[in-house]
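Let's go through this one by question and answer. Have the sequence and the model open beside you.

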Amino acid sequence: MGNGTEIDWERCWDKESLSGGECPFIGAEDAELLGSRSRRFLQKCCECERFKRDIRSFADTGHPLATAFSVLQTECSRQKAQIETLANFLDTKTLEMRFMHELGSVLQSSVDLDEVLSIALTAITAGKGFGMNRAFLLLADRERHLLKGHLAIGPRDAEEAGQTWKEIDSGDQDLQALSQSFRYKKLNSERYKFQDILEKLVISLDDTQHIIMRALDEHKSILVTDAFHRQDLDREFAALLGVDTFLVLPLITRNRRVGAIIADNFITHRPITEQDMRSIETFTFPVAFAIERASLYERVQEEVDKLRQANIRLQEQQEQLVRMEKMALVGRITSSIAHSIRNPLMVIGGFARSILKSTAENDLKRSFIESIVNETRQMEEVLQEILTYSEAMYPTSDFWDPNQLVESALRDIQDRALSQDYRCQFHPADNIPTVFIDFKQTEYCIRNIIISSIDGLQNGIIDISTSLNHDYVDVRIVDKNRILSEDELEAMLTPFTEVREMGSGLNMALSRSMLEKQNISLLVVAPPEGGVTYTIKLPTRKEENHEQTARS
Amino acid sequence: MSRLLVVDDEANIRLLYSEELSDEGYTVDTAATIAEAVEKMGQNSFDLAVLDIKLKNESGIELLQKIVKERHDMPVILCSAFSCYKDDFSAWLADSYVVKSGDLTELKEEIKRVLAKKAQRRASEM
């Protein structure tokens, strides 16, 4: 058994303090270790070759503590390595948390869909973010029941990648600045750049076998590897992306399928790990929520705009109605007075003419009677002028909302239709222009057509729709219940002809005649298999002399 | 000779029409109300009716509709102050419209024209 003096110890590790340069493993940055033996020992000596050599020499002496000491030294090194790994992991997680916090703050502050999408895709591809090469965003189109490619980000080839990443590295921008830069400078160009891929990224929401739909249905991200050889993956889909490894991240909020993100390392081919997937996964919920919120906000804005427009139109029409009512009132009063005067005037003038006829030419009183006739004629002429003026005060043709026209007509016949178990289904077209019509007359005609259609029948459906057709808005009334022969159709459009229970005295001929006076055509089609379709073509433009024609 | 029904709520107007149209050779019956007109139509067959639109508390248009529905071979001439007919589009169902005037020339001409048209229609149906 040997002792300490027989070993050629380095023993630098045993010194209470060291001077600068004495230990090659302690640099200026670790200078504080020079004066602390315990810290120096744990942090540096255990890994130092000199110390290890001393341990080996000690073991060679066969001292009973040598083996235990060696085991302790090995365990110390192992635990130190583990602590370092955990510290690195903690650092990474801290960075991730900071990034997620930044991302969350930026996403929460935006209700603009383009901004949200820019943030999401920038976060996935930015080096400061998740550092993927490319990202594709697909959004759900619920009306068409599809998932469609909407936006993409990333380089198409290595050259572009080098250039882009160099630009990003040269500017020390945070996530918000990067996403703003993307949104205003690159959003459209990136969309155009990836158009060939985006337009092929169309997946039915019912295609449960598709990898993206599986991720959405199972509410979990999928790391796809060996894409070109997998049996459960559409080869065309893999070929479209051009990579054999990619991530599929579902975007879901409250069980609603918002969309999905596909991310890959198309340029660097850096392997994507489960850990990468877990990291990115944590950010998909706030992104999905932000997209959903921005989409809803967009829709709310659209509805607010529509309401605003409707309100403006309503105000205009209310003003028009007030004006119309005032004018109509003046017209009615004038007309009433004139009517009261006209009757006695007519009796005076009429009897004067009768007396004049039976009065001899040489009768001295004849000139008196002639005076009465002439004076009453003059008064009748004045009366006529007043009546013509009051008539002119009734508003005639003006620009009106065709949907409002139909709704107004339907309101008037609602009770009658209900009493006959008839349903009038109105399908108004969106965003159609106003039409130049006499509202009162045209509404009367629409009402008349519907009443004639349901007259004498029980329990049926009338479909009414409006649609823009070049310079006209077509009001189409479809009566599916009635069957008319050619003769009956012709008879229906002939004045004073009744057609099997359809003639209530106010027949179709009257409506056609009234519409024609406004230069509005009424087309009636009754195919042999049944049903009658009435099409009223309302002009969107004010034709020359139209108003005069309408009034004549 | 044709038989005419004149409906007007003013007694003097009924008298005037009766006198003037009788002079033209027509047989003229008069009525002041719709009920009276309906009763007379039940008793006699008329070739034409001359209706005033405003009949005290009633509307000549109501009678017009009744005639068009039940006696659609009987022409109707509406006779009233201008503009009133525009309040009710059903007035457009009438065969003619004449503005009330002390000078009955226009009314007489319209009666002749409408009766001739009716005769022509009948001839073509036979």
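Q: In what order do the five strands of the open, mixed sheet in chain A run?
A: This is a predicted model, so local features need pLDDT of at least 70, side-chain atom pairs count only at pLDDT 80 or more, and totals for chains, interfaces and linings use all residues. Residues are numbered from 1 along each chain as its sequence is written, with chains lettered from A and ligands numbered from 1 in the order in which they are written. Helices (H or I, at least four residues) and strands (E, at least two) are DSSP runs numbered from the N terminus, and two strands pair if DSSP finds at least two bridges between them. On that basis, the open sheet in chain A has mixed pairing and the order β8-β10-β11-β13-β12.

Q: Which strands stand at the edges of that sheet in chain A?
A: An edge strand here has a single partner strand, so one side of it is left without a neighbour in the sheet. From one strand to the next, the twist averages 15 degrees. The edge strands are β8 and β12 (521–525) of chain A.

Q: Which residue of β10(A) stands opposite A:His427?
A: β8 (residues 422–427) and β10 (residues 460–469) of chain A run parallel and are joined by six bridges. In one of these pairings, A:Gln425 has A:Asp463 as its bridge partner. Opposite A:His427 you'll find A:Ser465.

Q: Which residue in the turn between β10(A) and β11(A) has a positive phi?
A: β10(A) pairs with β11 (residues 472–479) of chain A in the antiparallel sense, over eight bridges. A:Asn469 stands opposite A:Tyr472. The two strands form a hairpin with two residues between them, and the one with a phi of about 55 degrees is A:His470.

Q: How are α12(A) and α13(A) set to each other, oblique or perpendicular?
A: Axes are lines fitted to C-alpha atoms, for helices over the stretch in contact, and angles run from 0 to 180 degrees between N-to-C directions. α12 (residues 402–419) and α13 (residues 439–454) of chain A pack at about 40 degrees, with axes 9 Å apart. Angles under 35 degrees count as roughly parallel, over 145 as roughly antiparallel, 65 to 115 as roughly perpendicular and the rest as oblique. The pair is therefore oblique.

Q: How many nonpolar residues are in the contact of α12(A) with α13(A)?
A: Two residues are in contact if their C-beta atoms, placed from the backbone, lie within 7 Å. Among those in the contact are A:Leu405, A:Val406 and A:Ile413 in α12(A), and A:Phe439, A:Ile446 and A:Ile450 in α13(A). Ala, Val, Leu, Ile, Met, Phe, Trp, Tyr, Cys and Pro count as nonpolar, Asp, Glu, Lys and Arg as charged, and the others, Gly among them, as polar. Beside two polar and four charged residues, the nonpolar count is ten.

Q: Which residues of β9(A) are buried on the side away from A:Val435 and A:Ile437?
A: β9 (residues 435–438) of chain A is covered on both faces; a residue is buried if 20 or more other C-beta atoms lie within 10 Å of its own, exposed if 12 or fewer, and partly exposed in between, with C-beta atoms placed from the backbone. β9(A) pairs with β7 (residues 397–400) of chain A in the antiparallel sense over four bridges, and A:Val435 is the bridge partner of A:Trp400.

Q: Is A:Arg278 buried or exposed?
A: A:Arg278 is in α10 (residues 274–357) of chain A. Its C-alpha is 8.3 Å from that of A:Ser221, 57 residues away in sequence. With 11 other C-beta atoms within 10 Å, A:Arg278 is exposed.

Q: Which residue of β6(B) stands opposite B:Leu51?
A: Chain B has an open, parallel sheet in the order β2-β1-β3-β6-β7. In it, β3 (residues 48–52) and β6 (residues 76–80) of chain B pair over four bridges. Opposite B:Leu51 is B:Leu78.

Q: What share of the 126 residues in chain B is buried?
A: Chain B has four helices and seven strands. In chain A, buried residues make up 27% of 552. For chain B, the share is 43%.
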